[in-house]
Amino acid sequence: MYIILPVNNHHHHHRFVYSEEERRKRQNPEHILESIGLKSGMRFIDVGCNDGFFTLPAARIVGSEGKVFAIDIDKTALAKLSEKLLSEQLVNTTVICRPAEDVIIDNEIADIIFYGTVLHDFKDPLKVLKNASRMLKPDGIIVDYDWRRQNSPIGPPYEIRFSQEYVEQLANEAGLTIISSEVVDSNFYSMTFKKH
Ligand SMILES: C[S@@+](CC[C@H](N)C(=O)[O-])C[C@H]1O[C@@H](n2cnc3c(N)ncnc32)[C@H](O)[C@@H]1O
């Protein structure tokens, strides 16, 4: 049974919101994070984290030796995330309520910088990627996991989706080199970048 709620807030372009349980059938965050190489002790930045679909599993995986930074502009979503972090006593995660365009936490601190179905949502995705390039360790990677550019009954409308070719162009402009670009399944692609 699908639980579909109409959305009337700032997620206007997302026509439906699915329950986390329903979403997990399409996207398993633990599996995705493990497949991109996230490990205990790493430093991970979740850009456009919302209420933590990827942040919470990432915080569990990196553990007490690791560190997670979670960035979003949605105060309500971040409050929910903070509550969940607190209830699990995940003290390794810092929540940052600012536009990703304005955030450079520090130079060369991250092993993995992650965009989970979000790059197309930023006002200035090029600036966001340039910031990521600054924050990335020399051997770190940037991962963009997003909806394939096609019409589908679920997910954001076709017009706002980014094709893999477009993301590669943006990333090159931001000083990044592509490592891989893969179609994951009927809905999603996963792309990986490193610094030049
Ligand atoms: C489709 S949601 C994806 C959230 C999350 N990565 C996930 O997979 O559940 C997009 C998120 O991007 C956030 N967002 C949009 N523009 C932003 C910006 N300029 N800076 C930071 N976050 C932004 C929204 O508030 C929203 O939470």
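Trainee: What do the buried residues of α5 pack against?
Mentor: Keep in mind that this is a predicted model. The buried residues of α5 pack against the strands β3, β6, β7, β8 and β9, and against helix α6.

Trainee: Which residues of α5 are buried?
Mentor: Pro 125, Val 128, Leu 129, Asn 131, Ala 132, Ser 133 and Met 135.

Trainee: OK, and α6? At what angle do α5 and α6 pack?
Mentor: About 55°, with the axes 9 Å apart. Angles from 65 to 115 degrees would be roughly perpendicular and those under 35 roughly parallel, so α5 and α6 count as oblique to each other. The crossing of α5 past α6 is right-handed.

Trainee: Which residues make that contact?
Mentor: On α5, Pro 125, Leu 126 and Leu 129; on α6, Leu 170, Ala 171 and Glu 173. Sorted by class, that gives five nonpolar residues, one charged and no polar.

Trainee: Switching to β3. How many of its residues are buried?
Mentor: Five of the five, so the rest of the structure largely encloses β3.

Trainee: Which residues sit on each side?
Mentor: Arg 43, Ile 45 and Val 47 are on one side, with Phe 44 and Asp 46 on the other, and all are buried. In a regular strand, side chains alternate between the two faces of the sheet.

Trainee: And how many bridges join β3 to β4?
Mentor: Five, and the two strands run parallel.

Technical notes. Residues are numbered from 1 along each chain as its sequence is written. This is a predicted model: local features need pLDDT of at least 70, side-chain atom pairs count only at pLDDT 80 or more; totals for chains, interfaces and linings use all residues. Axes are lines fitted to C-alpha atoms, for helices over the stretch in contact, and angles run from 0 to 180 degrees between N-to-C directions. Helices (H or I, at least four residues) and strands (E, at least two) are DSSP runs, numbered from the N terminus. Angles under 35 degrees count as roughly parallel, over 145 as roughly antiparallel, 65 to 115 as roughly perpendicular and the rest as oblique. A crossing is left-handed if the near helix is turned anticlockwise from the far one by less than a right angle, and right-handed if clockwise. Two residues are in contact if their C-beta atoms, placed from the backbone, lie within 7 Å. Ala, Val, Leu, Ile, Met, Phe, Trp, Tyr, Cys and Pro count as nonpolar, Asp, Glu, Lys and Arg as charged, and the others, Gly among them, as polar. A residue is buried if 20 or more other C-beta atoms lie within 10 Å of its own, exposed if 12 or fewer, and partly exposed in between; C-beta atoms are placed from the backbone. Two strands pair if DSSP finds at least two bridges between them.
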